[in-house]
Amino acid sequence: MTEEDRIIVDAIRAGDPDAFRDLYQRHFRRIHSFSVRRLGDAAEADDVCQDVFEAVFCCLDRFEGKSDLIVWIYGITRNILNNRLRRRGGVRLVSLEDIPQAAAPLDLGPEPLAQVRQTLGRVREAIGKLPEEQRRVIELRHGKRLNIRKIAQLTGRSEDAVKSSLYRARRSLAAQLPGERLAF
Amino acid sequence: MGANGKTQASRYAPGAAFGARFWDEVEYEIEALDAADFELFLAADRLPFVPRPGVAETLGDSLAALCRARFSN
């Protein structure tokens with residue numbers, strides 16, 4: 001966390017409304033434009049901004065300073081956008097979690113859907129070739145969307161060991177799937 | 001209170017919409033940081049998408065009211 005972040009966070013936690021307004025003015029335009037670009041809908045971007053700032057304000061105690069404040073705000077924004085896109089039935093290429101296995105999203109025609117399924121098949125095949133320990137970590141991380149700490153707890157390994165397995169697995173997948181844009 | 005009313009009430013309870021799963025997903029997004037997408041986020045305030053007139057002010061006032069309510073208790 002930068003010194004500037006710490007001052008803002010401390011001021012908001014101390015109940016200084018001007019500090020929160022400063023934070024809002026500093027990031028509103030960024031979050032709004034990022035959301036418009038992603039959603040293509042200015043009114044929905046307004047709602048995203050409200051959700052993001054409510055999350056920041058209501059849950060600032062969750063910000064532990066492990067990352068910069070802007071990264072934390074980015075994570076919140078991206079998650080809120082992802083949730084909205086999921087509700088729309090959209091698909092983010094190429095996330096293991098979001099590619100439909102049975103039902104097709106309404107806005108995909110047969111050709112792009114076939115491409116998605118081909119990509120999914122190649123990714124699954126590549127994952128199947130990984131050593132068991134790497135495959136398990138990839139599935140927990142990108143299938144179940146668990147964080148490193150939880151994967152470490154579940155597998156009885158250290159967080160560093162989990163990170164190392166993830167790194168090796170991703171490197172192996174990237175080598176097996178040249179040209180695919182993998183959303184790691 | 002009907003189903004809609006209940007939804008509305010919980011929607012506006014501070015923090016109610018942001019449960020453990022929400023924060024797990026935020027942590028996921030941060031840990032899996034997509035560098036290119038983050039760069040786009042940092043530069044997004046220079047994109048030519050101008051918010052509709054009054055939106056920033058209205059939302060700012062709404063959030064200021066949230067601040068006042070929280071810290072007046």
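1. Helices (H or I, at least four residues) and strands (E, at least two) are DSSP runs, numbered from the N terminus. On that basis chain B reads α-α-α-α along the sequence, with four helices and zero strands. Of its 73 residues, 12% count as buried, where buried means that 20 or more other C-beta atoms lie within 10 Å of a residue's own, exposed means 12 or fewer, and partly exposed is in between, with C-beta atoms placed from the backbone.

2. This is a predicted model, in which local features need pLDDT of at least 70 and side-chain atom pairs count only at pLDDT 80 or more, while totals for chains, interfaces and linings use all residues. Residues are numbered from 1 along each chain as its sequence is written, and chains are lettered from A and ligands numbered from 1 in the order in which they are written.

3. The contact between the chains takes 35 residues from chain A and 34 residues from chain B; two residues are in contact if their C-beta atoms, placed from the backbone, lie within 7 Å. On the chain B side, helix 2 (20-31), helix 3 (35-43) and helix 4 (55-72) each supply at least two residues. By class, that side of chain B has 24 nonpolar, two polar and eight charged residues. Here Ala, Val, Leu, Ile, Met, Phe, Trp, Tyr, Cys and Pro count as nonpolar, Asp, Glu, Lys and Arg as charged, and the others, Gly among them, as polar.

4. Within chain A, the axes of helix 2 (residues 17-39) and helix 3 (residues 42-58) come within 8 Å and cross at roughly 140°. Axes are lines fitted to C-alpha atoms, for helices over the stretch in contact, and angles run from 0 to 180 degrees between N-to-C directions. Helix 2 of chain A is therefore oblique to helix 3 of chain A; angles under 35 degrees count as roughly parallel, over 145 as roughly antiparallel, 65 to 115 as roughly perpendicular and the rest as oblique. The residues of this contact divide into 13 nonpolar, two polar and one charged. Among them are F20(A), Y24(A) and F28(A) of helix 2 and V52(A), F53(A) and F57(A) of helix 3.

5. Helix 2 of chain A also meets helix 4 (residues 69-88) of chain A, where the axes come within 11 Å and cross at roughly 30°. These two helices are therefore roughly parallel to each other. Helix 2 contributes H27(A), I31(A), F34(A), S35(A), R38(A) and L39(A), and helix 4 contributes I73(A), T77(A), L81(A) and R84(A). By class, this contact has five nonpolar, three polar and two charged residues.

6. Helix 3 of chain A has 17 residues and reaches 24 Å from its first C-alpha to its last, close to the 24 Å expected at 1.5 Å a residue, the expected span being 1.5 Å times one less than the number of residues. Its buried residues include A45(A), C49(A), D51(A) and E54(A).

7. V48(A) lies in helix 3 of chain A and is buried, with 23 other C-beta atoms within 10 Å. Leaving aside neighbours within four places in sequence, V48(A) is in contact with I31(A), S35(A), I80(A), L81(A) and R84(A). The C-alpha atoms of V48(A) and T77(A), 29 residues apart along the chain, are separated by 7.5 Å.

8. In helix 6 (residues 132-143) of chain A, Q134(A), V137(A), I138(A), L140(A), R141(A) and H142(A) are buried. Just after this helix, R145(A) takes a positive phi of about 60°.
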